[in-house]
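Here is a brief report on one protein chain.

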Amino acid sequence: FVKGQWGQISRNLIGSAEQMPDANFSMKLGTTPEVRTYGSLVGHVINANFIFCARAKGEANPNTTDYEKTPQTKDQLVKGMHAAIDYCGPMYDSLTDSSGMMMVTPPAAAGRGPGRPYPFIQPLVQNIIHNNEEYGNIVGYFRAANLVPPSTAAAAAAGAGRRGN
């Protein structure tokens, strides 16, 4: 189940980064300062994938770019999304019932010892939950730009295939 959920959301996230036109990466829904631009939202998702998957591995986050706070071009964000998905993917691909329950101890943080152990699957599931929450925000940007989100396009294509169209 977890592998299937990962496959679906990772395709939607990559598609979202690739399919949104360049000009819309600066689009913002709303006028409050807390609302992210589309590019910042994509950057936030990239950063979070690295954070959650590094936790699953029990290692320090290998990402050195703050994709959300540092201005990025569409090409940089697409590459960043691919890098984040590529970093996480092998953990989901190799996930089994027993490996999911394997306990992971996070690395020591500055001034502290290692954190409390947790099951390997915990941050992987949290990552999928977070990705789906943020994908819901991404869909809003697609709709505001009069574009079809990747998940809707995939569902329509699957439905057409079942009808023989």
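## Surface and burial

Accessible areas here come from the Shrake-Rupley method with a 1.4 Å probe. On that basis the protein chain exposes about 8,800 Å². Carbon and sulfur atoms supply 56% of this area. The model is predicted.

The protein chain has 165 residues, and 42% of them count as buried.

## Fold

Six helices and two strands make up the secondary structure listed for the protein chain. Their order along the sequence is α-α-α-α-β-β-α-α. The C-alpha trace spans about 50 × 45 × 25 Å along its principal axes.

## Charge

The protein chain carries 14 positive and 12 negative side chains. The centres of the two sets lie 4 Å apart.

Side chains of opposite charge can pair when their charged atoms come close. The structure holds two salt bridges.

## The salt-bridge network

Arg-36 pairs with Glu-68 in a salt bridge, with the closest N and O atoms 2.7 Å apart. This pair links distant parts of the chain, 32 residues apart. Arg-36 sits in the loop between α1 (2-19) and α2 (38-57), and Glu-68 in the loop between α2 and α3 (74-93).

Glu-68 also forms a salt bridge with Lys-69, at 3.8 Å from N to O. Shared partners join Arg-36, Glu-68 and Lys-69 into one network.

How buried or exposed are the three residues? Glu-68 is buried, at 14% relative accessible area, because buried means under 20%. Arg-36 is partly exposed at 28%. Lys-69 is exposed at 62%.

Notes: Residues numbered from 1 in each chain as written. Predicted model: local features only at pLDDT ≥ 70, side-chain atom pairs only at ≥ 80, totals over all residues. Heavy atoms only, no water. Helix = DSSP H or I, 4+ residues; strand = E, 2+ residues; numbered from the N terminus. Buried < 20%, exposed > 50% of the residue type's maximum accessible area, 1.4 Å probe, protein only. Lys, Arg positive; Asp, Glu negative; His and termini not counted. Charge placed at Lys NZ, Arg CZ, Asp CG, Glu CD. Salt bridge = Lys/Arg side-chain N within 4 Å of Asp/Glu carboxyl O.
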